[in-house]
Every structure is written in C-alpha cells, then in structure tokens.
Amino acid sequence: MFTGKTINMGVIGNPIAHSLSPAMQNAGIQAAGLDYAYIAMPVLNENLEAAVKGLKALGFCGFNVTIPHKQAIMEYLDEIHEDAKIIGAVNAVKNENGHLTGYNTDVTGFIDGMKQEGFSPSGKNAILLGAGGAARAIIWGLIKERVSTLTIGVRNVAKVQPVAEYFRQYMHIEVLDWHSDEFAAKLPRAQLLINSTPLGMTPATDAMPPVDWDRVSPDAFVYDIIYTPAETLFLKTAREHGCRTLNGEAMLVGQGAEAFRLWTGLQLPREPMAAALRSALCPTSGKS
Ligand code: NAP
C-alpha cells in the first residue's frame, strides 16, 4: 500500500503506455517488500524542461528516460556520468537533493546479463550484428570489458563506419558487410556473437541475420538482445548448433535493476522482475 512515506520513481517518454518498466520495477519492489512506487509519465517534447523541474520539486528519487528524450534530457541535468556521455544517451536520472545526474544503465544491463550466465567477454573475439540505437551501449560495454577484437557485421557498411570512427580512440573496430567473404572469415574465431538487429523479433519471427553457421564454433556464446520471442530463430539455430545462448530479457531486467540500485543503493530480486516482464509481454501464457 502506498503511504505518505512512499518514495516515488518512474519513467518519462512519449508514447509511454507500452512501457514494461512499471510492471517490472513494481514487481521487484513488491517482492523486496520496499516502500517505493514506480509510474509511467507521458511527457511531450515541449514539456520536458517543466517535467524535469516538476519531478525534482516532487522529490522523485530517480526516473528512467525513454524515447524521445534520451538526448534532449541532458541539457536539464547537473551532471552526466561517463557512460551516458560516451554513448550520447541518458536512460536513468538520479535526484540527490535536487542535484540531477544522468546515467546510461544499458551498458551494465547488457554486460551483467552475460556475466550472470558465467560468460565474461574480457579478452574474447566479439562479433556484433547490426549497429543501430542499441549498439552504442553494447559497443561501449564490450570496450570497457576489454574484448580482444570487435567486428561489426551489417548490411550497410558506410552507414556504420562513423560509429567505428567515434569509438576509435578507445579501440579499433572493423565494420564489414555481413555478406562478404571477409566477414565469413571472421566467424570461426568468434567467441561471442551478438544480434542487435530487430531481425527475428515478433511478429516477423522467421527472420534472422545472415550467418554461415557452419563457420561458427559451437563454443561461441550467442546473445540476442531481442526479448520477444524468448527464443528467436537466431538463438534456436545457435542452440541447435551447440552454442550457449542468452536472450534480451537479462539486459532489460539488468538495466532496470541497475537504475534502481543507483537511485536507492538497493538490489532488487531479478526473477520477479523477469516474471512480470514475461507476463506483460505475453499475458495469456500464464504465470511464469
Ligand atoms: P535499430 O536502430 O532499428 O536497428 C538496429 C540495426 O539493425 C541497424 O544496424 C539496422 O540497419 C539493422 N536492421 C534493421 N532492420 C534490418 C533488416 N531488415 N535487415 C538488415 N538489417 C536490419 O534498432 P535498435 O533500437 O538498435 O534495436 C534493435 C533490437 O534490439 C530491437 O529488436 C529491440 O527490441 C532490441 N533491444 C533490446 C534491448 C534490451 O534491453 N534487451 C534494448 C534495446 C533494444 P540499418 O541501419 O541499415 O537499418
């Protein structure tokens, strides 16, 4: 039950009704028996500054930020954490007595997902398929974890080359056409293969990025950041090939848990968060 002592947190964006964060965060909060409340708040572009001031005035301890405010929010913050600065996007804001700091918790969410499965990307040869909105957090996470090599396979090399240029000061990243022989030649040495394209996402579940599985080692760890369906065709093929696999649920739960930790210093239990997520994504599948 909410009381006068309940501490508020939430997510701003537009549209926001589809957000999975309230279900996920409140499930974790409830399971932990904590007195916090997490709500979704629609905020139009022209109201962003007023909304940020309002959340500060109302004493929200923190809030998530989603499309379309992840970049625009920066000018209303007092401080921006290094990860968010480098990625160029804020997805979580912490309010400490009116001092607002912007973070990007996708990096931690992405990396922790793998680590919880017992896989460390450190020193590994990594291949990333696709490089859109989600890729900067993934690339920065892999660089921070000190992967040995990083190759990006895409359909449009020229479009993604600037991303590699941007990160060049931290690491050399090769961008290759995923239909090229050069890309195919990289596959046997890949120890980590990540899909960051939407190929295979519901409802177009028959799709997957073009990978010559005969060249992929069964020892490779294969990660698809898609979370619906739970097993994409990409992951199913990888599993049948003998690879260890991980879907995007861990990343989504992880970024939320990391935001909550930044705001409160507390760790939320992940399984109730993941269960709430699954139930919100597929309400007819029963209580999982
Ligand atoms: P995005 O910006 O639209 O695109 C990602 C990449 O996929 C781009 O390189 C894009 O290439 C490529 N791509 C898209 N459609 C393609 C197609 N039909 N054929 C070949 N390449 C294609 O997407 P995003 O925002 O990065 O998100 C990607 C996926 O990650 C989505 O499924 C999203 O739900 C998921 N996601 C998961 C999490 C999580 O927490 N688990 C977080 C964020 C995103 P072009 O630039 O050439 O179009």
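Start by selecting Phe167, which is buried, with a relative accessible area of 0%; buried means under 20% relative accessible area, exposed over 50%, and partly exposed in between, using a 1.4 Å probe and protein chains only. A word on what you are looking at: this is a predicted model, where local features need pLDDT of at least 70 and side-chain atom pairs count only at pLDDT 80 or more, while totals for chains, interfaces and linings use all residues. Residues are numbered from 1 along each chain as its sequence is written, and side-chain values use heavy atoms, leaving out hydrogens and water.

Across the whole structure, a search finds seven aromatic pairs. Rings of Phe, Tyr and Trp (its six-membered ring) pair if their centres lie within 6.5 Å, and planes under 30 degrees apart count as stacked, over 60 as edge-to-face and the rest as tilted.

Next, select Phe119 and Phe221: their ring centres are 4.5 Å apart and their planes at 15°, so this pair is stacked. Phe119 is buried at 5% relative accessible area, and Phe221 is buried at 1%.

With ring centres 5.0 Å apart and planes at 90°, the two form an edge-to-face pair. Tyr166 is partly exposed, at 32% relative accessible area.

Finally, look for charges over rings (NZ of Lys or CZ of Arg within 6 Å of the ring centre and within 35 degrees of the ring normal). Select Arg136, which lies over the face of Tyr166 at 4.3 Å from the ring centre. Then go back to Phe119, where Lys124 lies over the ring face, 5.1 Å from its centre.
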